[in-house]
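Q: Can you walk me through this one? I have the sequence and the model open.

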Amino acid sequence: KIFLKNMKFYAYHGCLGEEKKIGADYVVNLEVTSNLKTPSKTDRLKDAVDYVLLNEIVGVEMKKRSNLLENVAERIVQSVFDEFPPVIAVKVSVSKKNPPVRGSLDDVSVSIKRKRN
């Protein structure tokens with residue numbers, strides 16, 4: 001597995017007008033399952049799932065405004081599958097820091113896990 005932990009973004013996701021205008025801080029965690037046998041032996045980037053490109057994929061999807069975090073998470077998963085055929089499964093969590101809700105909480109998160117069909 002490959003893990004990208006606590007990637008930070010500023011984005012404009014949400015259903016409320018203020019969320020669309022003001023934006024918020026987000027944290028994304030990504031877990032990618034792939035057979036790492038070949039790259040561990042060849043030591044060649046072309047045989048690996050490039051974590052730099054994974055980070056870029058998440059950044060691109062975070063820039064596309066959505067009403068729901070579920071939509072953002074699903075797009076990230078599909079983009080990873082599209083870019084890396086060897087990937088077997090993807091788990092992603094998208095957290096909105098300081099969401100506009102009554103009461104005190106640090107964040108609200110959505111987490112999904114998908115296996116390649």
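A: What follows covers one lysine, a pair of rings and the core.
A: This is a predicted model, where local features need pLDDT of at least 70, side-chain atom pairs count only at pLDDT 80 or more, and totals for chains, interfaces and linings use all residues. Residues are numbered from 1 along each chain as its sequence is written, and side-chain values use heavy atoms, with hydrogens and water left out.

Q: Where is Lys5?
A: Lys5 lies in strand E1, residues 2-11; strands (E, at least two residues) and helices (H or I, at least four) are DSSP runs, numbered from the N terminus.

Q: Is Lys5 buried or exposed?
A: Lys5 is exposed because its relative accessibility is 63%, and exposed means over 50%, buried under 20% and partly exposed in between (1.4 Å probe, protein chains only).

Q: What ring does its charged end sit over?
A: The charged end of Lys5 sits over the ring of Phe3, 5.6 Å from the ring centre. The rule is NZ of Lys or CZ of Arg within 6 Å of the ring centre and within 35 degrees of the ring normal.

Q: New topic: which residues touch the most other members of the largest nonpolar core?
A: Leu30 and Val94, in a core of 29 residues. Such a core is a set of buried Ala, Val, Leu, Ile, Met, Phe, Trp, Tyr and Cys residues joined through side-chain atoms within 4.5 Å.

Q: Which element gives the largest share of this core?
A: H4, with seven residues.

Q: How far is Leu30 from Lys5 in space?
A: They are 6.5 Å apart, C-alpha to C-alpha, and 25 residues apart in sequence.
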